[in-house]
Amino acid sequence: QVQLVESGGGLVQPGGSLRLSCAVSGSIFSINAMGWYRQAPGKQRELVAFPTSGGSTNYADSVKGRFTISVDSAKNTVYLQMNDLKPEDTAVYYCKTVARPSLYMSLRDYWGQGTQVTVSS
């Protein structure tokens, strides 16, 4: 069983910063990619930052220059550094990993439980 445990969400004032973490654990053979999505109230889940097959990172236009994704492969952990936060960044942030549970199984998507980020004065 694969588990994704997120942390780091909370309430922050506009212009502030937060760092989200997501640790992947459990029965897993290999990780192909790790990244972040978010879902604001009444809206569909959207990509925030996720690696492309070419090795770069795809960022949502609304977060470019403010958010940075990083990965610690040794710890199977992905981070999202969020700077200059705006009220429109308020959402539940979800970690996603694309991983292979065992050598003979295909890649699968796994999701964390989500962590709330609220940007408000």
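User: In which loop is the place of Phe 29?

Analyst: This is a predicted model, in which local features need pLDDT of at least 70 and side-chain atom pairs count only at pLDDT 80 or more, while totals for chains, interfaces and linings use all residues. Residues are numbered from 1 along each chain as its sequence is written, and side-chain values use heavy atoms, leaving out hydrogens and water. With strands taken as DSSP runs of E, at least two residues long and numbered from the N terminus, Phe 29 sits in the loop between strand 3 (18-26) and strand 4 (30-39).

User: Is Phe 29 buried, partly exposed or exposed?

Analyst: Buried means under 20% relative accessible area, exposed over 50% and partly exposed in between, with a 1.4 Å probe and protein chains only. Because its relative accessibility is 48%, Phe 29 counts as partly exposed.

User: Which two cysteines form the disulfide, and how far apart are their sulfur atoms?

Analyst: The structure holds 1 disulfide, a pair of cysteine sulfur atoms within 2.5 Å. The link joins distant parts of the chain, from strand 3 to strand 9 (residues 91-100), over 73 residues, and both partners are buried. The bond is left-handed, with -80° about S-S, and the pair is Cys 22 and Cys 95, with the sulfur atoms 2.1 Å apart.

User: Which residues touch the most other members of the largest nonpolar core?

Analyst: Such a core is a set of buried Ala, Val, Leu, Ile, Met, Phe, Trp, Tyr and Cys residues joined through side-chain atoms within 4.5 Å. The largest one has 27 residues, and those that touch the most other members are Trp 36, Val 48, Phe 67, Leu 80, Met 82 and Tyr 93.

User: Is Lys 96 buried or exposed?

Analyst: Lys 96 lies in strand 9, and, with contact meaning heavy atoms within 4.5 Å, it touches residues including Leu 4, Tyr 37, Phe 50, Asp 109 and Trp 111, when residues up to four places away in sequence are not counted. Because its relative accessibility is 11%, Lys 96 counts as buried.

User: What is the phi of Asn 76?

Analyst: Most residues other than glycine have a negative phi. Asn 76, in the loop between strand 7 and strand 8, counts as partly exposed because its relative accessibility is 26%. Its phi is positive, in a residue other than glycine, and is near 50°.

User: Where is Asp 84 found?

Analyst: Asp 84 also has a positive phi, near 50°, in a residue other than glycine. Because its relative accessibility is 37%, Asp 84 counts as partly exposed. Its position is in the loop between strand 8 and strand 9.

Technical notes:
Helices (H or I, at least four residues) and strands (E, at least two) are DSSP runs, numbered from the N terminus.
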